[in-house]
Amino acid sequence: ETNTPAKTSLTLLGLGAMGTALARTWLGAGHPLTVWNRTASRTEPLAAEGATVAGTAAGAVAANDLVVACLLDDASVREALTDADLTGKDLVNLTTGTPAQARSLARWTRERGGRFLDGGIMAIPPMIGVPESGGYVFYSGSRSLFDTHQRTLAVPTGTRYVGGDPGFAALHDVALLSAMTGMFSGVAHAFALIRREEIAPKEFAPLLVEWLTAMATLVPGTAAQLESGDYTVGVSSNLAMMVAGNATLLRTAEEQGVSAELMTPYMELMARRLADGHADESETGVIDLLVR
Ligand code: FVH
């Protein structure tokens, strides 16, 4: 006899790159796992590793109370669950979607008698099952579902519950991904500037990392300004100086034969804010121009 608690059995819908990585961690940790995938051949390696394969999504849902979906998009989740009985089920949706899609799916699940938790995965497949990678999932929606299954959900990667509004996980996810998009657009422009020169990208890369890491420390200052409503607090580089500096950035792009199309939208907003009379502020006022 052993005192080890039984591992929660669960169902996973979707065995793409992410679903397969998730499945392997649950199987590896000893959780009985039922899997379903639209293209049945993708279930074969998991079956060999101990997963039970269901022939239909409805059958997979029927097999366990805890059901995790990791499919391509919102439409594929709706399609997969069309014939499933969600009465008494705990549905955890790890499919990337918008906040409105998550809220709608939460209502749809509740109307069918289930509890709903949405998740935004802040990791790529190689980070799954690797705690030191720093990956995690934002969760929002049913707190009781989260509390019931947190230990199981924490097997593949970290968990961060961000509120009862089922749209909040997607909102956090998309906000971080959007910030990342801006960062990579800047990185692309920087590499383009040096592309035709005798500067080795491999030597330039650590400089970029160091600079972006240092600049990221300014983010809490932006948050403090937003909360106080005073965008001049702690400003060391004001908007007037930065807009003047943008002219140098644009001229350098031209000299190097590089399109400034990734840069100009943000610079135009900075110039508009300056023209509105906010020379002494930081860039924080640009945020107010974006919110419609
Ligand atoms: N992979 C990544 O780096 C990112 C990291 C952050 C989170 N995303 C999101 O995770 C969801 C799944 O992503 P994935 O990487 O597993 O995606 P794929 O490898 O393309 O697999 C897609 C699965 O979805 C199935 N599927 C597609 N359409 C349907 C449908 N109409 N009905 C049922 N299933 C569908 C597909 O099945 P099949 O093509 O094998 O038959 C795969 O199982 C996603 O939201 C990312 O944004 C991943």
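This is a predicted model: local features need pLDDT of at least 70, side-chain atom pairs count only at pLDDT 80 or more; totals for chains, interfaces and linings use all residues.

Analyst: Residues are numbered from 1 along each chain as its sequence is written.

User: What makes strand 6 and strand 7 a pair?

Analyst: Strands are DSSP runs (E, at least two residues), numbered from the N terminus, as are helices (H or I, at least four). Two strands pair if DSSP finds at least two bridges between them. Strand 6 and strand 7 share six bridges in the antiparallel sense, so they meet this definition. Within this pair, Asp118 stands opposite Ser140 of strand 7.

User: Why is strand 7 called mostly covered?

Analyst: A residue is buried if 20 or more other C-beta atoms, placed from the backbone, lie within 10 Å of its own; it is exposed if 12 or fewer do, and partly exposed in between. Five of the six residues in strand 7 are buried.

User: How do you know which strands lie at the edges of the sheet?

Analyst: The open sheet has eight strands in the order 3-2-1-4-5-6-7-8, with mixed pairing. Strand 3 (52-53) and strand 8 (158-161) each pair on one side only.

User: What joins strand 7 to strand 8?

Analyst: Four bridges join these strands, which run parallel; Phe138 has Arg160 in strand 8 as its bridge partner. The chain passes from strand 7 through helix 6 (residues 143-153) to strand 8.

Note on methods:
A crossover is right-handed if, with the strands pointing away from the viewer, the path from the first strand over the helix to the second runs clockwise.
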